[in-house]
Amino acid sequence: MDKLATLEGLEKEIMGDKSLSLLKSNLVFGEGDPNCEVLFIGEAPGFNEDQQKRPFVGRAGQLLRKCIREIGWQEIDVYITNIVKRRPPDNRDPLPEEIESYKPYLTRQIDIINPKVIVPLGRFSMNYFLPMAKITRDQGKLFKVGKYFILPMLHPAAALRGNEAMKTFENTFKKLPGALQKINTPEVPEPEPEQKTQKAQRLEDVQSRLF
Ligand code: URA
């Protein structure tokens, strides 16, 4: 499948859908490598994102992009988008009906990209995948939802508001390469009965190294 062309088709479809909410704002579809392994999903575009029609280009976005570079990746190697694809007025939180309205498109966007790991940024995005999760309790934990691994993080805007939150955000970010490596490590083949203890030990080692 030509993922780029399919995503472009999806973007045109969203553009033409006049039943969506927040139609007064610009469409911020998302950007990055459609063949990426890691997909970041924020909440909704803010003022700068609306102006530039690009996700995460304001202060919070600068932090996100800096952290991506600091773990040795490039911004263009990952994909960055939002649950709600147009800016809510005055940067208010997205309403449940706004999230619902964009949901089918986000689902299709995720399925086209088919990443290895999804990183929800902040509680709105996290609750989209994990409705019962609490951001302060569950950020930094690796979950599996359907076929996707989910590693929730604090929203970078929250990290900018306090020292502790910044430390938490940066520490979780550093786990990302290890989490991806773990996900990409093929299952240890089923051992002969006498080797079972060894296999269990190896899995425990991998887990404790990562988290
Ligand atoms: N905050 C978000 O959640 N998304 C953006 O694109 C920018 C700021």
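Which residue forms a salt bridge with K167, and how many Å apart are the closest N and O atoms? In this predicted model, the partner is E164, and the closest N and O atoms of the two residues are 3.3 Å apart.

**View 1. The salt bridge between K167 and E164 in helix α8.** Both residues belong to helix α8, which spans residues 163-184, and because they are 3 residues apart they are separated by about one helical turn. K167 is partly exposed, with a relative accessible area of 47%, whereas E164, at 54% relative accessibility, counts as exposed.

**View 2. The salt bridge between E31 and R54.** The two side chains meet at 2.8 Å, N to O. E31 lies in strand β1 (residues 31-32) and R54 in the loop between α2 (47-52) and α3 (59-70), so the pair ties together parts that are 23 residues apart in sequence. E31 is partly exposed at a relative accessible area of 22%, and R54 likewise counts as partly exposed, with 31% relative accessibility.

**View 3. The salt bridge between R65 and E75.** R65 is buried, its relative accessible area being 5%, while E75 is partly exposed, with a value of 22%.

**View 4. A network of salt bridges.** Salt bridges that share partners join E31, R54, R65, R69 and E75 into one network, and a search of the whole structure finds 13 salt bridges.

Notes
Residues are numbered from 1 along each chain as its sequence is written. This is a predicted model: local features need pLDDT of at least 70, side-chain atom pairs count only at pLDDT 80 or more; totals for chains, interfaces and linings use all residues. Side-chain values use heavy atoms; hydrogens and water are left out. A salt bridge is a side-chain nitrogen of Lys or Arg within 4 Å of a carboxyl oxygen of Asp or Glu. Helices (H or I, at least four residues) and strands (E, at least two) are DSSP runs, numbered from the N terminus. Buried means under 20% relative accessible area, exposed over 50%, partly exposed in between (1.4 Å probe, protein chains only).
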